[in-house]
Amino acid sequence: MEKTTFEITKMDCPSEENIIRMKLDSIPNIANLNFDIPNRKLTIFHNGEIDKIEKSIIELNLGGKKILTEKTEKIDFKENENQKKLLLTVLSINFAFFVIEMITGIISKSMGLVADSLDMLADSFVYGISLFAVGGTIIKKKRIAKLAGYFQITLAIIGFLEILRRFFNTEKLPNFSTMIVISVFALIANGICLYILQKSKSKEEAHMKASMIFTSNDVIINLGVIIAAILVNWLNSNKPDLIIGTVVFILVIQGAFRILKISR
């Protein structure tokens, strides 16, 4: 048995972890994956050559770089029996906030909230693929990933078109107080998800470092929407909301392309 440590510079949150797991799922010589999200490190326990594993990680364009390969005597890997339950929990939280942010975004006329809701939906796709394709074939998992990726891109394009329409037309200002309140709750929800997922790790990783939350893309997006809401009220303009909406839609599309890479 060997273990190889990778540095994954763009592994900011559990979404990237799930994408990596799905990408490596078809490689038979992998015995276990050990993720250290706060330090952006991945340790892979494997038998045989590392070349195929390294190639798969590089293909994800997450800044993966091999650091060290060494022998190990560890052969007993205790699987987490609660993994499915944990995935279902974070899936439920993300999907619930997708619905909440989509509805409040439309009512309050905030493209920032609408875009953030699609980011929540993107996370739901990743957790859903991991959850509902458990035990299924690789082909089935890839088909689900492809559908999720294209659906995500379609929604983001529709969002971009709506932003362009609002940019060139006079629109009522977004309700800044609704933007702030909902984003604060979404921020809390993302923190809960990160904590729940971190609990599924081995004992030595059971605690969650505070820095992990603040390096998460989801948390940065929530803070961005809050700042945009403050600027909307201060400048009496919907442009900050449209700008944050554009940024988030770009992130959603980037996430969609990552999911599509799994389906290849």
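Modeller: K23 and E59 form a salt bridge, their closest N and O atoms lying 3.1 Å apart. The pair joins distant parts of the chain: K23 sits in helix α1 (residues 14-24) and E59 in helix α2 (residues 51-59), 36 residues apart. A salt bridge here is a side-chain nitrogen of Lys or Arg within 4 Å of a carboxyl oxygen of Asp or Glu. Helices (H or I, at least four residues) and strands (E, at least two) are DSSP runs, numbered from the N terminus.

This is a predicted model, in which local features need pLDDT of at least 70 and side-chain atom pairs count only at pLDDT 80 or more, while totals for chains, interfaces and linings use all residues. Residues are numbered from 1 along each chain as its sequence is written, and side-chain values use heavy atoms, leaving out hydrogens and water.

K23 is buried, at 13% relative accessible area, whereas E59 is partly exposed, at 36%. Buried means under 20% relative accessible area, exposed over 50%, and partly exposed in between (1.4 Å probe, protein chains only).

The count of salt bridges comes to seven. Side chains of opposite charge can pair when their charged atoms come close. E2 and K71 form one of them, at 3.7 Å from N to O. E2 lies in strand β1 and K71 in strand β4, 69 residues apart. The two residues also stand opposite each other across those strands. K71 is exposed, with 67% relative accessible area.

E70 and K3 form another salt bridge, with closest N and O atoms 3.9 Å apart. Again distant parts of the chain are linked: E70 is in β4, K3 is in β1, and 67 residues separate them. Both are partly exposed, E70 at 34% and K3 at 25%. Elsewhere, E162, R165 and R166 are linked in a network of salt bridges.

Now the sheet behind those strand pairs. Strands of a sheet pair through backbone hydrogen bonds, either parallel or antiparallel. Here four strands make an open sheet in the order β2-β3-β1-β4, with antiparallel pairing. β2 (30-36) and β4 (64-71) are at the edges with a single partner strand each, so one side of each has no neighbour in the sheet. The twist averages 20° from one strand to the next. Angles run from 0 to 180 degrees between N-to-C directions, with axes fitted as lines to C-alpha atoms, for helices over the stretch in contact. β1 (residues 2-8) and β4 pair antiparallel over seven bridges; two strands pair if DSSP finds at least two bridges between them.

H46 is in strand β3 (residues 41-46). H46 is buried, at 0% relative accessibility. Its side chain makes a polar contact with that of T4, at 2.8 Å. A polar contact is a pair of N or O atoms within 3.5 Å; within protein, one must be able to donate a hydrogen and the other to accept it, and residues adjacent in sequence count only if both atoms are side-chain atoms. Beyond four places in sequence, H46 contacts (heavy atoms within 4.5 Å) residues including E2, K3 and I53.

The largest nonpolar core has 48 residues, and I20, L24, L42, I44 and I53 touch the most other members. Helix α4 (residues 111-132) gives the most to this core, with nine residues. Such a core is a set of buried Ala, Val, Leu, Ile, Met, Phe, Trp, Tyr and Cys residues joined through side-chain atoms within 4.5 Å.
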